[in-house]
Amino acid sequence: MTDRLKLGLAGLGTVGSGLVRLMAARGSSLASRAGKPIEIVAVSARNKRKKRDVDISQFRFVGDPVALARDPEIDVFVELIGGEGGVAKEAVEAALKAGKHVVTANKALLAHHGASLAALAEKHGVALNFEAAVAGGIPVVKVMRESLKGSDISRVYGILNGTCNYILTLMEREGRSFAEALKEAQAEGYAEADPGFDIGGFDTAHKLALLTSLAFGTRPAFESVYVEGIETIAPADIEAADGLGYRIKLLGVALRTESGIEQRVHPTMVPKETAIAEVDGVSNCVAIDGDFVGDVMLIGPGAGAGPTASSVMSDLLDIARNHILAPFATKAKDLMPYKKAQMRTHEGGYYIRLSVFDRTGAFAAIATRMADQGISLESIVQRLASAELPGVHRRREGTPATVVMITHQTTEAAIRKALQSIARDGHVEAKPQMIRIEKL
Ligand code: NDP
Ligand code: HSE
């Protein structure tokens, strides 16, 4: 490395152009913070001629990101293309092998190949930094890699996807449809190139796999994350949650259990009076429970050009100051194999919404099926839609009614068996809705 830090920037989309803008705005103040000037010397994108909202005319354009990764003029390869494999992986590997530091926002790549890329970085004595890959502008990777290493972590959880939180907030607060809210999140640059990764819960799972590794010193194990997305959340659930004192959030949760580490991503009912319930819009929240430190919570912007570019810059500043640590805090060769706790052993409370044919005996049959599995109910409510209120419209015997139940603590295995039996009995019109309640 010379008297300046020279960057090769691959990807000029939301995050890449955000970084160009940040560097133009900060100018020489970055040099004093870094101890040396930081400059972009070359860029790469798919389409050289694309009209962009940042000026890239002063940078050399390299069509092939892999060639840019090996470019003799650069010290750091900044990968802001995205994708688990393909050109992003090829270019990051090429950069590490060529002895270039790498900064990336690509959680999909690291969740799948983090351990081998970390080993490659360590072998070549370079950094593999990824602050922007988890929770956008929240500096959680640095906190977990450095600041919390004095404590043993028992649980890390949070709202890790800005797009989903934005959608759920707009549906709840403004009564917007799922499709409208998603469109807006895309227009703001929050969503992944394929938004299925956001709404299907996979982006949260990618980030959770990285947090799990940082928390427990295990290899990132994306394939072991239990994943449910928010596609099935209906306005009826949001309304019912509100009435019961909860809000619905897509959470990623990783915790140590007696049988291994539980990693799960799913819509979750969180009590309204908790801090996490108040995290709205594109904001994210990461909570870390440690032994000596106690409970730590970080809240901030989870996606978007500015916050993500800010995290990329913090990684670059560390490299400029020669502050280089093992990517996952523990040396790659010492990362432990991941021991998975089975989802069926998960314990917690559950919200169940059923569309039940309103006929004699249906309620009793449902209650019996729950009791058969040893599940006790905290509440059971039959909800009437406005068109069904007495005096407005007389319900006919056999038409479906909405029944909402909240269970006491039980196991995933028990609740699944009970719901299967209820469905088999023929009293319900559609697949039961089930949302887990998290103890916070
Ligand atoms: P965009 O889709 O906005 O940008 C992707 C960029 O990569 C574009 O400039 C595109 O080129 C370029 N690109 C795509 N394929 C190639 C290729 N084969 N060769 C060269 N360049 C290519 O993505 P984002 O900026 O939103 O995301 C980038 C990364 O950051 C992803 O890993 C994402 O998960 C992550 N991230 C995104 C956040 C956000 O808020 N958007 C937040 C945190 C992380 P062209 O412009 O010519 O099409
Ligand atoms: N699509 C991601 C999100 C970008 O919405 O959170 C930030 O990682």
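At its relative accessibility, does Ala135 count as buried or exposed?

Mentor: Ala135 counts as buried, because its relative accessibility is 0%. Here, buried means under 20% relative accessible area, exposed means over 50%, and partly exposed lies in between, with a 1.4 Å probe and protein chains only. This is a predicted model, in which local features need pLDDT of at least 70 and side-chain atom pairs count only at pLDDT 80 or more, while totals for chains, interfaces and linings use all residues. Residues are numbered from 1 along each chain as its sequence is written, chains are lettered from A and ligands numbered from 1 in the order in which they are written, and side-chain values use heavy atoms, leaving out hydrogens and water.

Ala135 is found in the loop between strand S6 (128–129) and helix H6 (140–147). Helices (H or I, at least four residues) and strands (E, at least two) are DSSP runs, numbered from the N terminus. The backbone of Ala135 deserves attention: its phi is positive, about 60°, although it is not a glycine. Most residues other than glycine have a negative phi.

Asn322 sits in the loop between helix H12 (305–320) and strand S13 (347–357). With 58% relative accessibility, Asn322 counts as exposed, whereas Ala135 counts as buried.

Let us now turn to the surroundings. The protein has 14 helices and 17 strands, and buried residues make up 55% of its 440 residues. In soluble globular proteins, nonpolar side chains tend to be buried together. A nonpolar core is a set of buried Ala, Val, Leu, Ile, Met, Phe, Trp, Tyr and Cys residues joined through side-chain atoms within 4.5 Å. The largest such core holds 87 residues, of which Phe77, Val140, Ile230 and Ile288 touch the most other members. Helix H10 (residues 202–216) gives the most to this core, with 8 residues. A second, separate core of 32 residues includes Ile38, Leu80, Ala105 and Leu316.

Beyond its neighbours within four places in sequence, Met23 is in contact (heavy atoms within 4.5 Å) with residues including Leu7, Ile38 and Met313. Met23 and Ile38 are 15 residues apart in sequence, and their C-alpha atoms are 8.5 Å apart in space.
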